[in-house]
Amino acid sequence: MLYREAGQFKATYAEDSQIFPIRQDKIGFWLLMLVFGVAVPLLTNEYWLKAILIPVLIFSLAAIGLNILTGYAGQLSLGSAAFMAVGAFAAYNFILRIEGMPFLLALVLAGLTAAAVGILFGLPSLRIKGFYLAVATLAAQFFIVWALVKFPWFSNNSSSGVVTAQDVTILGYTFVSPEAKYVLTFLIVSFMALLAKNMVRSSTGRAWMAVRDMDVAAQVIGFRLMRTKLLAFAVSSFYCGVAGALYAYTYIGTVEPEGFNLDLSFKILFMIIIGGVGSIMGSFLGAAFIVLLPIFLDNVVPAIFGDALGAGFVSNFQLIVFGGLIIFFLIVEPHGLARLWQIAKEKLRLWPFPH
Amino acid sequence: MARQIGDVIVDLQNISLRFGGVKALTDISFNVKEHEIRSIIGPNGAGKSSMLNVINGVYHPQEGQIFFKGALRKKMEPHEAAEQGIARTFQNIALFKGMTVLDNIMTGRNLKMKCNFLQHALYWGAAQKEEIAHRIKVEEVIEFLEIQDIRKTPVGRLPYGLQKRVELARALAAEPHILLLDEPMAGMNVEEKQDMCRFILDVNDHYGTTIVLIEHDMGVVMDISDRVVVLDYGKKIGDGVPEEVKNNPEVIKAYLGTSH
């Protein structure tokens, strides 16, 4: 009964093409922003911020990046973690080597560096599709991690390849406390998510989706395949790059190339499959789900079964649940949690009446 | 009829197209005049769709020349053909399945949109203004084809006849000079066919769009075409006004066979 659009008339095309055309959605969205932007950093403890909320936000950003490439433009990629690595190490080197480099500028430059590398590894997409392209991006995954280990310049000749992120300082304020880092991450991720949403709802996004759904028709209608695909690779890698830099600077602090391995790429792929392929909101839902699920299982499984099953079982159980969920979503709801949410809303509009 | 048939706008001369050893088109010449409805007919596998693909640059013929608006056309990619004002629909519906009707039709206007992706990302300002300006044009097309009620529906959920209509809308949104229609009425019932005929005639009449049509329904073809070209096994066997073609013995032979 509460979720009705009755009486809300759209008199202009601008009103009709808003991100949230229904008033209740808009209110819900701003409430959510208030809760996560203001209430959460004030009320939660360090563990929640550091171990759950910050990584969820950062992985959401990476998932948005992959979603732009895979969900919207239809180009399957297994190299997201590598592009994150490029972003993390680029930000490190920009701040290290250029005196007085502002953090936000370093973040943008890190994204641009990742975008350039993304375009390079996106070139094969002009000739190959689907699984073959996935294998080509797999090459990016292995090559980039290898290159970061092989050439010690990238990690400032650190013997182990591990680098420690410098302090994050913006306009003289240094972000030290988890609350401050969380708010910074939150603002950056929200802003970039908004930009992504704007892109996918305008001509750029339509070009991506056209190429995804039917590339010959897209060409005939006037889209240039090469430009469209490479733009998707560039924007996607930019997002992954910024996510990687945030991963290093506001999340774990010390990074090594091996941290950005294929496992992480798969994890991001799982996020968009479970959250929703071709949905910005799905990227957030998927990231939250993938980060929270192991924590949930860690706490719940021993509580139910006690120690009888042994410690090894819990971690194996996680893998089983993960695998099971991926298969479940691929078969039952390929558009993921975002689609389930949409269906729930459609039902809610009619509830409690049957039609 | 109010419209006046103009000069030759597309002139195809001695077109031959091969796929490996298979000759899809052999030495075909015909022209299309401005504002006319030009039909291409022929039995299955005659090379009709290949002909359209040659006109809008999906295929590149090995021999022959194409003159477009009087100028010799060099090898042209599909998006360049689109920039020249050639739009088309496909035999098997080629809509963007994951998008709504509105978004599908909006893609038809992409060549007229000038904002870049950074402006799109910032949205408020130039991109929004442009989006709304083109939305108004798209709404005109939506109204013209009477599909207002489904504009927010994902195209995958629509019945076949409506999908065909949305595809026509997408092509029309580009405001083309030449519209290539590949079997726009295939698989439709009589009523849907009548609607589609009406839309094609209206487009031709109202916007003066030149139409090149492939269709199997001879009743439709003979009724609405100004001139008809007949292909069989990749060769041209007839060309002229409907009456002429109908009585051409070669055409009758290709369609009905001959008694031996």
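In what order do the six strands of the open sheet in chain B follow one another, and is their pairing mixed or of one sense? In this predicted model, for which local features require pLDDT of at least 70 and side-chain atom pairs count only at pLDDT 80 or more, while totals for chains, interfaces and linings use all residues, the order is E6-E7-E8-E3-E9-E10 and the pairing is mixed. Residues are numbered from 1 along each chain as its sequence is written, chains are lettered from A and ligands numbered from 1 in the order in which they are written, and side-chain values rest on heavy atoms, with hydrogens and water left out.

Helices (H or I, at least four residues) and strands (E, at least two) are taken as DSSP runs numbered from the N terminus, and two strands are said to pair if DSSP finds at least two bridges between them. Strand E6 (86-89) and strand E10 (235-240) of chain B stand at the edges of the sheet; each has a single partner strand, so one side of each is left without a neighbour there. From one strand to the next the twist averages 15°, where axes are lines fitted to C-alpha atoms, for helices over the stretch in contact, and angles run from 0 to 180 degrees between N-to-C directions.

Helix H10 (residues 249-256) of chain B lies across E3, strand E9 (227-232) and E10 of chain B, and runs at about 125° to E10(B). In the loop between E7 and H7 of chain B lies Glu183(B), whose phi is near 50°, a positive value in a residue other than glycine; with a relative accessible area of 9%, Glu183(B) is buried.

Between the chains, 38 residues of chain B are in contact with 31 residues of chain A. The buried area, that is, the accessible area (1.4 Å probe) that two parts lose on being put together, summed over both, is about 3,000 Å² for chain B and chain A, and carbon and sulfur atoms give 64% of it. On the chain B side, His79(B), Phe96(B) and Phe117(B) lose the most area to chain A, together 17% of what that side buries. Four salt bridges are found across this interface, a salt bridge being a side-chain nitrogen of Lys or Arg within 4 Å of a carboxyl oxygen of Asp or Glu. The side chains of Arg135(B) and Asp16(A) meet in a salt bridge, at 2.8 Å from N to O.

Technical notes. Contact means heavy atoms within 4.5 Å. Buried means under 20% relative accessible area, exposed over 50%, partly exposed in between (1.4 Å probe, protein chains only).
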